[in-house]
Amino acid sequence: MKKTLSTVFLSLIFLTCTHAQELNARVQVIAPQVANINKNTVDLIQSTVRNFLNNNKWTNQSYQPQEKIECNFVITLTAWDGSSAYRAEAQIQSSRPVYGTTYQTTLLNLSDKDFDFNYTEGQALDFSDQNYLSNLSSLLSFYAYTVIGLDKDSFSRLGGSPYYLKAQNILNIAQGSGNSGWKAFDGLRNRYWINENLLNKSFEELRVFIYNYHINTLDRVQADPTKASKLLLGFLPELQQMDKKKLGSIFPNVYFATKAEEMTSLLALGNPQDKLQSYNLLSDIDPANISKYDQLKRN
């Protein structure tokens with residue numbers, strides 16, 4: 001009898017681990033300038049979004065609790081029609097731990113100005129990757145796959161591709177909804193273009209760099225900071241292979257804006273010659289953030 005109970009207990013643990021969800025999403029919904037909006041409704045939207053992100057299973061892989069991807073969704077409601085339609089903006093951030101430290105390094109820090117949706121109190125928010133159910137469901141699913149893809153890219157070479165393709169499928173289905181942000185002509189910094197960039201071979205060098213930067217530099221910084229800095233310098237020339245005409249695209253623009261200060265801090269551990277070389281490379285690769293790299297030249 002004891003053996004049977006032990007077997008059942010272990011089986012339950014196995015099933016729980018196997019189906020453990022991938023995201024640990026913290027969600028905040030605010031409406032600082034929307035008149036007459038019910039706070040209870042705002043709180044309900046917040047809990048509905050949080051449950052949708054954290055309770056759906058986005059991959060067929062097992063995630064232990066400590067392996068869940070840390071992410072933040074701050075949704076700012078900017079207008080309400082008095083019924084079920086909301087205009088909104090969202091800030092989406094995700095991070096991953098650096099091996100051997102308590103430090104979380106940011107992978108994504110993206111603003112979506114077209115996060116509009118309809119929601120009725122008590123409405124179930126269902127998930128489907130094959131059908132359009134609602135704009136809110138599509139928005140959250142798209143970003144869930146994008147967050148997972150970037151996390152995978154940081155742990156394995158081009159490992160995020162299957163999840164960017166899933167995000168692309170969500171995007172393609174949502175394009176017929178009439179909502180903004182899903183199509184190329186809706187703007188240059190929207191969901192269409194971040195997904196296009198992530199899957200575009202022109203940016204594969206940047207995605208490979210993300211892998212090398214996290215696995216081969218940041219994850220080694222605790223053991224040997226100077227060596228990690230030297231390794232990072234060795235990976236920078238790969239980024240010079242990117243098409244210079246595409247440097248203003250959303251993916252490199254968002255990525256370098258997120259990582260410039262962190263990379264500078266790591267490269268500042270090198271000797272004066274290495275720091276000057278790092279500055280010269282980064283000022284060519286990412287001129288938009290040259291002021292952040294100036295520290296390397298000054299030192």
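A search of the whole structure, which is a predicted model, finds 13 aromatic pairs. Rings of Phe, Tyr and Trp (its six-membered ring) form a pair if their centres lie within 6.5 Å. One of the pairs joins Phe115 and Tyr143, with 6.5 Å from centre to centre and 25 degrees between the planes, and is stacked (planes under 30 degrees apart; over 60 counts as edge-to-face and the rest as tilted).

**Basis of the values**

- Local features need pLDDT of at least 70 and side-chain atom pairs count only at pLDDT 80 or more, while totals for chains, interfaces and linings use all residues.
- Residues are numbered from 1 along each chain as its sequence is written, and side-chain values use heavy atoms, with hydrogens and water left out.

**The pair of Phe115 and Tyr143**

- Helices (H or I, at least four residues) and strands (E, at least two) are DSSP runs, numbered from the N terminus.
- Phe115 counts as buried because its relative accessibility is 0%, and Tyr143 counts as buried at 1%.
- Buried means under 20% relative accessible area, exposed means over 50%, and partly exposed lies in between (1.4 Å probe, protein chains only).

**Other aromatic rings**

- Tyr192 and Trp193 form an edge-to-face pair, because their ring planes stand at 85 degrees, with the centres 4.9 Å apart.
- Tyr192 is partly exposed, with a relative accessible area of 24%, and Trp193 is also partly exposed, at 23%.
- Phe52, Trp58, Phe127 and Tyr145 are linked into a cluster by ring pairs.

**Charges over rings**

- Arg96 lies over the face of Phe155, 3.9 Å from the ring centre.
- Arg191 lies over the face of Trp182, 4.2 Å from the ring centre.
- A charge sits over a ring if NZ of Lys or CZ of Arg is within 6 Å of the ring centre and within 35 degrees of the ring normal.

**The chain as a whole**

- The secondary structure comprises ten helices and five strands.
- Buried residues make up 45% of the 299 residues in the chain.
- Along its principal axes, the C-alpha trace spans about 60 × 60 × 35 Å.
- Of the contacts (heavy atoms within 4.5 Å) with a separation of 6 or more, 68% are between residues 24 or more positions apart.
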